[in-house]
Amino acid sequence: SHVWCAVPNENAIIKYSPRDGRILLRVGGGETTAFDRPCAVNLSGNTLYICNQGSRKIRSLNIQTNSVRDYRIFNEKVYKYINVMGKEFVWLKSGLYILD
């Protein structure tokens, strides 16, 4: 019923309803610093993971409480994150990695 999207130029994440043609929720943007060039999102259960190229972090958003926190911090840009069957994968500027 909805889609989560990163909006890099606005440093925001949105929850969009294609059926209604409108944004249901926006997190970040404006003067807030919750996200810095978000480029990818991945939903797992009630947690949305957001890759931020600018801050070199994966941040997590609890979609029930809308609280944001740091999940992983790196020394280089983060492009993608995924959790598959209990294994975490991250695509950084230097390559693809399995996380411990």
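Visitor: Which residue in β10 stands opposite Phe-89?

Guide: This is a predicted model. Five bridges join β9 to strand β10, residues 95-99, and the two run antiparallel. A hairpin of two residues links them. In that pairing, the residue opposite Phe-89 is Ile-98.

Visitor: Which residue of β9 stands opposite Ile-82?

Guide: Strand β8 covers residues 78-84 and runs antiparallel to β9, with six bridges between them. The residue of β9 opposite Ile-82 is Phe-89.

Visitor: Which residues make up the uncovered face of β9?

Guide: In a regular strand, side chains alternate between the two faces of the sheet. Strand β9 spans residues 87-92, and its covered face holds Glu-88, Val-90 and Leu-92. The uncovered face is Lys-87, Phe-89 and Trp-91.

Visitor: Which residue takes a positive phi in the hairpin of β8 and β9?

Guide: Two residues lie between the strands of this hairpin. The phi in question is near 50°, and the residue is Met-85.

Visitor: Why is one side of β1 and of β3 left without a neighbour in the sheet?

Guide: β1, β2 and β3 form an open sheet in that order, with antiparallel pairing. β1 (3-7) and β3 (22-28) stand at the edges, so each has a single partner strand. The average twist from one strand to the next is 25°.

Methods. Residues are numbered from 1 along each chain as its sequence is written. This is a predicted model: local features need pLDDT of at least 70, side-chain atom pairs count only at pLDDT 80 or more; totals for chains, interfaces and linings use all residues. Side-chain values use heavy atoms; hydrogens and water are left out. Two strands pair if DSSP finds at least two bridges between them. Helices (H or I, at least four residues) and strands (E, at least two) are DSSP runs, numbered from the N terminus. Axes are lines fitted to C-alpha atoms, for helices over the stretch in contact, and angles run from 0 to 180 degrees between N-to-C directions. Buried means under 20% relative accessible area, exposed over 50%, partly exposed in between (1.4 Å probe, protein chains only).
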